[in-house]
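Biologist: I'd like to learn how to read the features of a model like this one. Could you walk me through it?

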Amino acid sequence: MTQAFKRVHLIVMDSVGIGEAPDAEAYNDKGSHTLGHIAEKMNGLTMPNMAKLGLSNIEEIQGIDKAEKPMAYYTKMEEASVGKDTMTGHWELMGLHIDTPFQVYPEGFPEELVKKIEEATGRKVIGNKPASGTAILDELGPEHMETGNLIVYTSADPVLQIAAHEEIIPLEELYKICETVREMTKEAPYMVGRIIARPFLGQPGDFKRTSNRHDYALKPFERTVMNDLKDAQKDVIAIGKISDIYDGEGVTESVRTKSNMDGMDQLVNVLDKEFTGLSFLNLVDFDATFGHRRDPIGYGKALEEFDARLPEVFEKLQDDDLLIITADHGNDPVHPGTDHTREYVPLLVYSKKFVEGKELPLRKTFADVGATIADNFGIALPKHGTSFLNEIK
């Protein structure tokens with residue numbers, strides 16, 4: 001088979017959901033709508049480029065006009081896996097199905113695990129509870145600076161986060177600590193999805209997390225479309241935290257980013273490269289900086305900033321490029337708590353080849369994205385997912 005597109009550029013707007021999923025009630029997420037509620041709080045979102053692609057054709061969003069002739073094929077996708085976290089959503093995008101959710105720790109981590117961490121690192125653990133990453137620095141940062149104790153906390157996600165001041169615990173030591181904890185939490189009974197190094201700087205009352213965050217994820221439990229692309233001598237360029245999410249599996253080049261806008265800068269750079277295969281970008285600020293902190297106005301402004309960068313992307317797309325914009329879960333900033341929300345995610349698929357986009361059928365799994373990418377490059381289709389390649393030609 002001749003590939004339809006030489007390069008596929010996949011952008012995951014981390015947590016940008018578009019309305020409650022059919023099973024949202026089972027996740028205590030009934031009524032959630034990340035995009036809809038942000039638009040209401042903003043008295044309308046200004047996103048003319050996403051409007052042209054067809055975002056409001058999927059579902060009308062306040063302030064965003066429906067496109068009479070959308071540039072992209074559009075629909076929404078339902079998550080088939082159990083869960084609503086970063087790894088579950090991303091792994092499903094590349095063809096995996098997760099039917100056993102990762103462990104979460106709403107009461108903090110077990111005492112025996114805390115003791116293991118203390119023994120292995122030679123440092124005491126403080127915190128050990130679900131918390132906002134900024135609030136816990138205000139609460140425990142001063143004690144950490146005095147004692148060198150590790151600030152350990154979690155969230156409603158399957159993560160164990162370790163915060164440390166870069167001048168108290170050097171980055172190299174913090175990363176080594178996280179690697180050690182990663183090894184001890186890979187398997188039952190712990191099964192923690194990610195260990196996250198959360199370095200920060202500053203003084204009490206003015207702590208700031210730095211861009212030196214590092215995620216230590218579990219390896220995907222099966223091969224993904226990315227592994228097959230790499231084996232077929234295709235490029236897989238991971239931008240942002242993508243390489244961390246897949247623990248480097250199937251990645252041929254990794255580009256780290258410091259923010260959403262840096263992520264867009266790096267994507268623009270990648271668009272100038274000569275390659276055949278996939279570029280895969282995660283824009284984490286939507287989720288980490290605004291969704292979890294329940295900041296709808298900040299979230300809305302970040303969406304508008306992202307939209308304003310799209311013309312650069314459109315301009316650099318080659319005629320045989322395919323652009324896919326989607327998300328991995330929701331994180332409705334007006335929903336109670338600080339958790340992700342179980343939502344549909346938007347799907348916008350654009351190429352300069354297209355005369356005009358149109359609506360695609362509702363996708364019943366995120367894995368349709370991976371199946372389409374596999375189909376395009378003539379590699380084995382994943383066990384899960386249905387390609388929509390023939391629907392966009």
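Predicted model: local features only at pLDDT ≥ 70, side-chain atom pairs only at ≥ 80, totals over all residues.

Biologist: How much area is buried between domain 1 and domain 2, and what share of it do carbon and sulfur atoms give?

Modeller: The size of an interface is often given as the accessible area lost when the parts come together. Here about 1,200 Å² is buried between domain 1 and domain 2, with 50% of that area given by carbon and sulfur atoms. On the side of domain 1, Met87, Asp244 and Arg293 supply 37% of the area buried against domain 2, more than any other three residues.

Biologist: Where do the two domains run in the chain, and how many residues does each bring to the contact?

Modeller: Domain 1 is made of two stretches, 7-98 and 221-391, while domain 2 covers 111-217. Taken over C-alpha atoms, their centres are 29 Å apart. The contact draws 15 residues from domain 1 and twelve from domain 2.

Biologist: How many salt bridges and polar contacts cross that interface?

Modeller: A salt bridge pairs a side-chain nitrogen of Lys or Arg with a carboxyl oxygen of Asp or Glu within 4 Å. Four residue pairs are in polar contact between the two domains. On the side of domain 1 that touches domain 2, the elements giving two or more residues are α4 (86-93) and α9 (242-245). By class, that side of domain 1 has eight charged, three polar and four nonpolar residues.

Biologist: How many salt bridges are there in the whole structure, then?

Modeller: The search finds 28.

Biologist: Which residues does UniProt list under "binding site"?

Modeller: Such an annotation may be inferred rather than shown by experiment. The unreviewed UniProt entry places "binding site" at Asp14, Asp328 and His329. They are spread over 316 residues of sequence yet cluster in space, with a largest C-alpha distance of 7.2 Å. Asp14 is found in the loop between β1 (7-13) and α1 (34-41).

Biologist: What does the UniProt record place at residues 6-379?

Modeller: The unreviewed entry gives "domain: Metalloenzyme" for residues 6-379. In the model, this span is 34% helix and 20% strand, and its end C-alpha atoms lie 14 Å apart.

Terms used
Residues numbered from 1 in each chain as written. Heavy atoms only, no water. Domains from an automatic or database assignment. Contact = heavy atoms within 4.5 Å. Buried area = accessible area lost by both parts, 1.4 Å probe. Polar contact = N/O pair within 3.5 Å; in protein donor to acceptor, adjacent residues only side chain to side chain. Helix = DSSP H or I, 4+ residues; strand = E, 2+ residues; numbered from the N terminus. Nonpolar A, V, L, I, M, F, W, Y, C, P; charged D, E, K, R; others polar.
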